[in-house]
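The entries below follow the order in which I looked things up.

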Amino acid sequence: TSDAVTITVPLGEKPLVSIHPQRLEVEVATGGAESKILDHELFAQVNVEESTWTFSDGHLVLELIKKAPDWWLSAVQGGRLGPDPNKTPAPQMQKLDAKIGEQVVNKKDYEGKSKFQW
């Protein structure tokens with residue numbers, strides 16, 4: 001959204017998370033050694049005090065609250081680009097097949113059955 005960025009990361013173990021105004025770091029301790037799995041510059045600054053993270057069912061969910069309500073092209077610098085907010089997506093429409101249960105009504109079907117005049 002324009003106010004927050006949500007990042008979901010599948011993990012096997014509870015991580016150590018560090019959120020800085022311009023940087024995100026996530027570490028996992030495996031076998032007594034810590035290894036960084038995320039260490040990226042964020043697209044813009046976040047509000048550290050209001051940002052939160054949760055870990056449940058093997059998923060880390062980061063809710064980063066933006067300092068300025070702007071549209072980010074990606075969550076991190078050089079990351080995969082998200083949807084363009086200025087471009088409206090093409091509607092997903094398909095032609096319906098009306099053969100099943102199709103009813104054809106014409107002028108002859110109404111003659112003598114209604115007060116309506118053609």
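I began with the surface: the protein exposes about 9400 Å², and carbon and sulfur atoms supply 53% of that area, where accessible areas come from the Shrake-Rupley method with a 1.4 Å probe and, for residues, only the protein chains shown count as cover. This is a predicted model, in which local features need pLDDT of at least 70 and side-chain atom pairs count only at pLDDT 80 or more, while totals for chains, interfaces and linings use all residues. Residues are numbered from 1 along each chain as its sequence is written, and side-chain values use heavy atoms, with hydrogens and water left out.

**Entry: overall make-up.** I noted that, of the 118 residues of the protein, 21% count as buried, a word I use for under 20% relative accessible area, with exposed for over 50% and partly exposed in between (1.4 Å probe, protein chains only). The secondary structure comes to one helix and six strands, and read along the sequence it follows the pattern β-β-β-β-β-β-α; helices (H or I, at least four residues) and strands (E, at least two) are DSSP runs, numbered from the N terminus. I also looked up contacts, meaning heavy atoms within 4.5 Å: of those with a separation of 6 or more, 50% come from residues 24 or more positions apart.

**Entry: the sheet.** I found an open sheet of three strands in the order E1-E6-E5, with antiparallel pairing, and I count two strands as paired if DSSP finds at least two bridges between them. E1 and strand E5 (46–56) stand at the edges with a single partner strand each, so one side of each is left without a neighbour in the sheet. Neighbouring strands of this sheet are turned by 15 degrees against each other on average, direction ignored; the axes are lines fitted to C-alpha atoms, for helices over the stretch in contact, and angles run from 0 to 180 degrees between N-to-C directions. Seven bridges join E1 to E6, and in E1's pairing with E6 I noted Val9 opposite Leu60. E5 and E6 also pair in the antiparallel sense, over seven bridges, and Val46 stands opposite Lys66 in E6.

**Entry: the turn between E5 and E6.** Which residue takes a positive phi in the hairpin of E5 and E6? I found that Asp57 does, with phi near 50 degrees, in a hairpin that has two residues between the strands. Asp57 counts as exposed, at 75% relative accessibility.

**Entry: the core.** The largest nonpolar core has 17 residues, and those with the most contacts inside it are Ile7, Ile19, Leu24, Val26, Leu60, Leu62 and Leu64; such a core is a set of buried Ala, Val, Leu, Ile, Met, Phe, Trp, Tyr and Cys residues joined through side-chain atoms within 4.5 Å. Strand E1 (4–10), strand E2 (16–19), strand E3 (23–30) and E6 each supply at least two residues of this core. For Ile7 I listed Leu24, Leu60, Val61, Leu62, Leu64 and Ala75 as touching residues, not counting those up to four places away in sequence.

Entry: Lys66 and Val5 are 61 residues apart in sequence and 7.4 Å apart in space, C-alpha to C-alpha.

I then turned to Ser74, in the loop between strand E6 (59–66) and helix H1 (107–110), which is buried with a relative accessible area of 8%. The side chain of Ser74 reaches the backbone oxygen of Val76 at 2.6 Å, and, not counting residues up to four places away in sequence, Ser74 touches Phe43, Gly79, Arg80 and Leu81.

Glu25, in strand E3, is buried as well, with a relative accessible area of 17%. Leaving aside neighbours within four places in sequence, Glu25 is in contact with residues including Leu16, Val17, Ser18 and His20.

**Entry: Val48.** Val48 lies in strand E5 and counts as partly exposed, at 30% relative accessibility. Val48 and His20 are 28 residues apart in sequence and 6.3 Å apart in space, C-alpha to C-alpha, and Val48 touches Ile19, His20 and Pro21, again not counting residues up to four places away in sequence.

How values were computed:
A polar contact is a pair of N or O atoms within 3.5 Å; within protein, one must be able to donate a hydrogen and the other to accept it, and residues adjacent in sequence count only if both atoms are side-chain atoms.
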